[in-house]
Amino acid sequence: MNTFKSKIALFIPCLVDQVYPEIGMAMVRFLRYFGYEVTYDPRQTCCGQPAFNAGHRNEARKVARTYIRVFEDAEIIVSPSGSCTAMVRNYYPVLFHNDQVCETARALGSRVLEFSEFVHRENLTESISGKFPAVIGFHNSCHSYRELGIRELPFQILKKIDGLELRQPPGEPVCCGFGGLFSAKYSAIAAAMAKTRLSSFTELGVDYVISNDPGCIMHMRQEAIDRNITVQILHLTEFLMKAMQIT
Amino acid sequence: MSTFSRFLRKSAAKAEDQTHLLKILKAVSTHDSKVEAMKNLQFKDWESARKQAATIKNHVLENLPGFLEQFEKCITERGAEVLWAGNGIEAQNYFLEICRRHHVRKVIKSKSMTTEEISLNETIESAGMQVWESDLGELIVQLAGEKPYHIVTPAMHKNTAEIAELFHDKLGVPITESAEELTMAARTYLRDAYVTADIGVTGANFLIAREGAVVLTENEGNARLTMSCPPVHVVIAGIEKILPSMDSLPLFLPLLATSGTGQQITCYNTIIRGPRRNGEVDGPQKLYIILLDNGRSDLYRKERFRESLRCIRCGACLNACPVYRTIGGHTYQTTYQGPIGSVITPHLKPMGEWQHLSYASSLCAACTSVCPVKIDLHTLLLENRWEACANHQTGMLWRFGLKFWAFFFSKRSRLNFFRRIGRIKLPIIRPFLPHGLRKRVPQIPAKTFSTLWKEYEQS
């Protein structure tokens with residue numbers, strides 16, 4: 001393990017802050033467990049993705065400027081969301097194209113890491129150990145998979161837990177239907193997509209669906225409640241808490 | 001009812017249609033495994049093939065007017081007549097004029113989305129002529145009185161039993177479970193049409209500029225019969241179908257076949273360089289090529305959207321799209337469905353009326369990842385949304401809602417205030433939310449992460 005640990009700035013997505021704070025706390029405990037100094041700037045709000053994806057760039061910029069002010073001096077920024085990470089890393093340069101903060105935004109983007117990327121970068125995977133007898137499936141979020149190119153990292157982490165049986169639906173990861181405001185505007189389509197995605201896991205007999213994005217988690221959890229689907233949907237960090245018995 | 005309300009209603013109904021979903025998932029998963037196997041089998045490096053194809057198409061687009069003129073010159077020299085149609089009406093009129101000139105009563109057609117785009121069948125019928133679709137899938141939807149469900153597999157939504165029933169009703173053949181027997185019934189029905197038709201209409205998969213050629217790819221041999229049996233052949237093609245020369249075909253033919261149907265190459269590939277020449281024993285005596293713009297040059301002028309004209313209509317983005325799989329092709333009510341349809345339709349139709357399709361995507365990017373000519377489809381959907389917002393084509397509720405949101409989410413103190421009010425208000429508002437939205441809104445916990453962090457720090 002490293003003797004010198006970087007100072008970690010937490011990037012807590014609005015959904016985690018407002019709806020699922022336990023996901024953020026799980027990530028904090030994980031990082032502390034490995035001896036990292038963790039900081040949280042309470043001025044942070046949201047990365048601006050909801051407005052950006054709806055096409056409202058001015059509103060997105062307004063919120064994203066707050067984000068840049070909060071994080072511009074941070075060394076390493078870690079987030080429990082692939083989607084929010086992709087927003088900052090891939091789309092801030094687009095959003096602030098020809099703006100004076102563009103370079104700051106671009107540099108900032110290169111310092112933001114999604115949780116499993118951070119674990120990989122810091123070579124923590126080998127130090128993860130735990131035991132959890134369960135059948136699980138992993139739902140890689142579309143933005144994590146296609147925007148950030150995260151393919152094997154979460155699986156490498158999960159494979160360190162003894163007793164786990166991993167079952168994945170065949171083929172490429174399929175969207176759960178969240179898509180931010182898409183699920184509000186087209187709630188019927190989004191709900192059906194969540195059902196299809198969840199069924200692809202439950203048909204395999206999994207007890208847990210683990211994911212790396214709070215958006216997907218919220219969407220699938222709401223669908224599971226609505227349709228009485230008995231499967232536990234957890235964030236990777238929450239799952240690691242259980243499996244590694246970190247308190 | 002507006003186009004948007006219709007879409008909303010139809011998509012919600014289809015989303016709950018389990019029979020539909022199972023049929024489509026079955027078709028798509030068979031397709032997916034064939035495509036994946038073929039990519040690995042015949043391409044050493046699929047990624048390089050895509051890049052190469054995109055580069056060639058970009059080269060075409062940078063010089064499109066020149067290539068089109070080169071195509072016209074070459075094929076005209078060999079006896080074809082090229083007609084330039086600015087829009088659907090002009091194309092229809094050219095076609096009707098050709099029909100008058102050749103005293104046409106019966107038309108046979110092979111599969112062509114471009115003819116769907118200009119409502120050619122309706123035009124033919126309202127002019128008192130008869131039209132046969134010769135592609136099996138197209139024949140099925142024609143007999144059913146429907147529109148193509150998918151740009152490559154138009155009858156993807158019908159299973160064998162449904163087709164058997166349709167053929168029993170319309171063609172009088174006995175009910176059968178055998179796809180072979182049904183195909184034979186269609187074949188018998190169409191044979192006569194090939195021989196007696198006065199004119200054959202096809203689309204074009206590619207137009208070759210340097211050699212002046214029209215390329216057709218197909219699996220049933222029907223396009224070849226359609227173009228070669230009747231005395232007159234009319235090609236209707238979008239101006240973006242150009243490839244620089246025959247040299248591009250060794251890449252584009254397998255690329256299209258692999259992405260479209262998971263084949264190494266389609267069963268029949270026809271290269272047409274003109275009508276029958278002196279001394280030749282078969283082929284049409286007259287060849288017309290109607291080049292259709294119909295909004296394409298508008299797309300061409302918008303630099304950011306120009307790449308959408310690289311599309312070779314393989315249908316891969318439809319198959320990959322979880323929204324398409326959920327709501328099906330007909331729900332879009334457009335000629336081109338799925339991601340590519342949602343990208344281009346708002347530009348080709350009256351501004352604003354079709355922008356709701358740009359929003360009918362979770363931006364999962366599955367489309368972009370499968371496109372064989374690397375069109376950045378999900379980013380273009382996003383660009384469409386920006387354009388919609390800039391032109392005030394989004395609803396008032398969204399416009400003001402997001403202004404409101406930006407005000408509260410741009411400062412922590414305001415966000416905290418908003419949350420306090422929100423937590424009190426939400427239980428009151430919740431019962432009044434539309435059902436679909438209500439079940440998407442989770443319970444809001446008493447403490448934010450921000451609060452938990454403070455407590456954690458103090459402990």
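Modeller: On a 1 Å grid over the protein atoms alone, a cavity is a set of points where a 1.4 Å probe fits but cannot get out, and its lining residues have an atom within 4 Å of a point. Grid points are joined across faces, edges and corners, and the volume is the space filled by probe spheres set on the points. This is a predicted model, in which local features need pLDDT of at least 70, side-chain atom pairs count only at pLDDT 80 or more, and totals for chains, interfaces and linings use all residues. Residues are numbered from 1 along each chain as its sequence is written, chains are lettered from A in the order in which they are written, and side-chain values use heavy atoms, with hydrogens and water left out.

Colleague: Which residues line the largest cavity?

Modeller: Its lining draws on both chains, including A:His56, A:Phe182, B:Arg385 and B:Trp398. Helix 3 (49-54) and helix 10 (182-185) of chain A each supply at least two lining residues; helices here are DSSP runs (H or I, at least four residues), numbered from the N terminus.

Colleague: What volume has the second largest cavity?

Modeller: The second largest cavity has a volume of about 90 Å³. Of its 13 lining residues, the closest to its centre are B:Cys311, B:Cys314, B:Cys317, B:Cys371 and B:Pro372.

How values were computed: On a 1 Å grid over the protein atoms alone, a cavity is a set of points where a 1.4 Å probe fits but cannot get out, and a pocket is an open set with protein on both sides within 12 Å along at least five of seven lines; lining residues have an atom within 4 Å of a point.
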